[in-house]
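Below is a set of questions and answers on the fold and packing of one protein chain. The structure comes first.

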Amino acid sequence: MGLFEGKKGLIVGVANDRSIAWAIARTIMEEGGECGFTYLPDREDDEKQKNRRRVEKCTRDYPEQTKFLVPMNVADDENIKQAIDKTVEEFGKIDFLLHSVAFADRDDLSRDTIETSREGFKMAMEISAYSLVAVANAAKDIMNPSSAIATMTYFGGEKCVPGYNVMGICKAALDASVRYLAYDLGPRGIRVNAVYLKIIRLIA
């Protein structure tokens with residue numbers, strides 16, 4: 001019997017087959033777990049539906065464990081609700097939720113942190129940090145006792161890493177969010193943790 005036999009959950013943040021979220025989801029499914037996946041909504045003018053197709057490509061070898069794919073924009077509360085509604089429709093309750101979402105404007109990442117634009121800061125913080133709070137809040141009532149929420153953090157939120165810039169601030173906020181969410185959700189039997197990465201490839 002696999003470690004995730006009989007467990008069901010939602011994976012947020014698979015972009016392609018090189019995503020850390022996909023490596024985790026694949027392991028879960030190989031250990032017997034069932035997963036629903038969200039993906040970044042495709043643009044209306046993208047007839048090829050590239051975002052959806054990338055996730056479909058990842059999951060095609062696991063047809064029995066992959067229960068649904070649904071678009072979700074983490075900056076849109078109604079969109080989050082629709083994804084959670086689909087999760088309820090398929091699973092009822094879930095045992096795990098993986099949050100692996102982060103984004104900052106390339107222009108802001110390429111300049112010194114002190115020169116980060118106001119709009120770029122707000123967007124990076126909303127998508128990279130607040131989205132965990134928003135998704136956890138939307139999912140809290142459908143999580144089983146002894147369930148778990150996990151997100152992805154990085155050394156750059158603890159120490160200054162040249163080139164990581166505004167994302168380091170976002171990871172620091174994410175780390176604090178994990179602690180406060182763990183406090184809020186612990187009495188419900190929901191654990192909240194962050195997977196800590198010491199090394200990450202930075203793309204300038």
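A crossing of two helices is left-handed if the near helix is turned anticlockwise from the far one by less than a right angle, and right-handed if clockwise. Helices (H or I, at least four residues) and strands (E, at least two) are DSSP runs, numbered from the N terminus. The model is predicted: local features need pLDDT of at least 70, side-chain atom pairs count only at pLDDT 80 or more, and totals for chains, interfaces and linings use all residues. Residues are numbered from 1 along each chain as its sequence is written, and side-chain values use heavy atoms, with hydrogens and water left out.

Q: What is the strand order of the open sheet?
A: The open sheet has 6 strands with parallel pairing; two strands pair if DSSP finds at least two bridges between them. Strand S3 (66–71) and strand S6 (190–197) each have a single partner strand, so one side of each is left without a neighbour in the sheet. Neighbouring strands are turned by 15 degrees against each other on average, direction ignored. The order is S3-S2-S1-S4-S5-S6.

Q: Which residue in S4 is the bridge partner of Ile 11?
A: Strand S1 (residues 8–12) and strand S4 (residues 94–99) run parallel and are joined by 4 bridges. Within S4, the partner of Ile 11 is Leu 98.

Q: Which residue of S2 stands opposite Val 12?
A: S1 also pairs with S2 in the parallel sense, over 5 bridges. In S2, 5 of the 6 residues are buried (under 20% relative accessible area; exposed is over 50% and partly exposed in between, with a 1.4 Å probe and protein chains only), so S2 is largely enclosed by the rest of the structure. Opposite Val 12 stands Thr 38.

Q: How many residues make up the largest nonpolar core?
A: A nonpolar core is a set of buried Ala, Val, Leu, Ile, Met, Phe, Trp, Tyr and Cys residues joined through side-chain atoms within 4.5 Å. In the largest one, the residues with the most contacts inside it are Ile 11, Val 14, Trp 22, Phe 37 and Ile 149. The number of residues in this core is 56. Its largest share, from helix H5 (residues 118–139), is 9 residues.

Q: Which residues does Trp 22 contact, leaving aside its neighbours within four places in sequence?
A: Contact means heavy atoms within 4.5 Å. Trp 22 is one of the residues with the most contacts inside the largest core. Outside its sequence neighbours, Trp 22 is in contact with Val 14, Asn 16, Asp 17, Met 29, Phe 37, Cys 58, Thr 59 and Tyr 62.

Q: At what angle do helix H3 and H5 pack?
A: Axes are lines fitted to C-alpha atoms, for helices over the stretch in contact, and angles run from 0 to 180 degrees between N-to-C directions. The axes of H3 (residues 77–91) and H5 are 10 Å apart, and H3 passes H5 in a right-handed crossing. The contact is made by Asp 77, Ile 80 and Ile 84 of H3 and Ala 134, Val 135, Ala 138 and Ala 139 of H5. The angle is about 45 degrees.

Q: Why do H5 and H6 count as roughly parallel?
A: Angles under 35 degrees count as roughly parallel, over 145 as roughly antiparallel, 65 to 115 as roughly perpendicular and the rest as oblique. The axes of H5 and H6 come within 9 Å, and their crossing is right-handed. H5 is roughly parallel to H6 because their axes cross at roughly 20 degrees.

Q: Is Asn 165 buried or exposed?
A: Asn 165 lies in the loop between S5 and helix H6 (166–185). Its phi is positive, about 50 degrees, although Asn 165 is not a glycine. Most residues other than glycine have a negative phi. At 16% relative accessibility, Asn 165 counts as buried.

Q: Is Ser 146 buried or exposed?
A: Ser 146 is in strand S5. Ser 146 is not a glycine either, yet has a positive phi of about 65 degrees. With 57% relative accessibility, Ser 146 counts as exposed.

Q: What distance separates the C-alpha atoms of Val 192 and Leu 97?
A: Val 192 is in strand S6 and counts as buried, at 6% relative accessibility. Not counting residues up to four places away in sequence, Val 192 touches Ile 149, Val 178, Leu 181, Ala 182 and Leu 185. Val 192 and Leu 97 are 95 residues apart along the chain, and their C-alpha atoms are separated by 9.5 Å.
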